[in-house]
Every structure is written in C-alpha cells, then in structure tokens.
Amino acid sequence: SGSYFARDASYSVPFCNDCKDPQGRNVMLLCLVEVGLSTIGERHIRNLPARFSGQAMEGQRYHSFVDSAANPEIFVIQNASQIYPAYIIHFQK
C-alpha cells in the first residue's frame, strides 16, 4: 500500500486518460520523491520492513519499495512527507 511513482513519464501516460484540463489536454503531476533506502516490494508486504535485525539499529526501516533493485522503474512511498509536487504538465497524445 502507498503512493506509486514511475521513473519515466511514459509509464504514467496511459493512466492520464481521465485527467483533463479545461482545453481537453491531458494533465500529469511531476513530483520530486525522496525514496531513501529502497527494498523490493511484494504483494504480501504491507509495511516497510526493518533495515537491520540487530539491537543497535532497532526500529530503523526502509523508506520505499521498488520493483527492481538493479533498475527500479516503480517506487512506492508510504509517507506523504516524502512527496514534493513540482510541476503540472499539460500534454496531448
């Protein structure tokens, strides 16, 4: 669970069909996202897991989920304070 973000805008374009401005152009929000330390997300994981299992680092968690450790394209953020809206992009397909 969380807010999903794509590395590449082209991934999000198919989801913009219902987002229109008054002139009928598609609208997309470009955000700066603080991803921090990421871990691979899986369907059964609901909360970000702990980063370390030792007592010295108890309570520290990962900051985001990704689809791939080597080349992440999708990021999932669970804390809204990590998301900074930067630009509203108007475009036509």
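Let's start with charge. The protein chain carries 8 positive and 8 negative side chains, and the centres of the two sets lie 4 Å apart. Lys and Arg count as positive, Asp and Glu as negative; His and the chain ends are not counted. Each charge is placed at NZ of Lys, CZ of Arg, CG of Asp or CD of Glu.

A word on the source. This is a predicted model: local features need pLDDT of at least 70, side-chain atom pairs count only at pLDDT 80 or more, and totals for chains, interfaces and linings use all residues. Residues are numbered from 1 along each chain as its sequence is written, and side-chain values use heavy atoms, with hydrogens and water left out.

Now the fold. We have 1 helix and 6 strands. Along the sequence, the order is β-α-β-β-β-β-β. These are DSSP runs: helices are H or I with at least four residues, strands are E with at least two.

Next, the overall form. The radius of gyration is 16 Å, well over the 12 Å that the globule rule gives for 93 residues, so the chain is more spread out than a compact globule. That radius is taken over C-alpha atoms, and the rule is 2.2 Å times the number of residues to the power 0.38. The C-alpha box is roughly 55 × 20 × 20 Å along the principal axes.

How much is buried? Of the 93 residues, 18%. Buried means under 20% relative accessible area, exposed over 50%, partly exposed in between (1.4 Å probe, protein chains only).

Last, Phe 15. Phe 15 is exposed, at 62% relative accessible area. Tyr 11 is partly exposed, at 44%.
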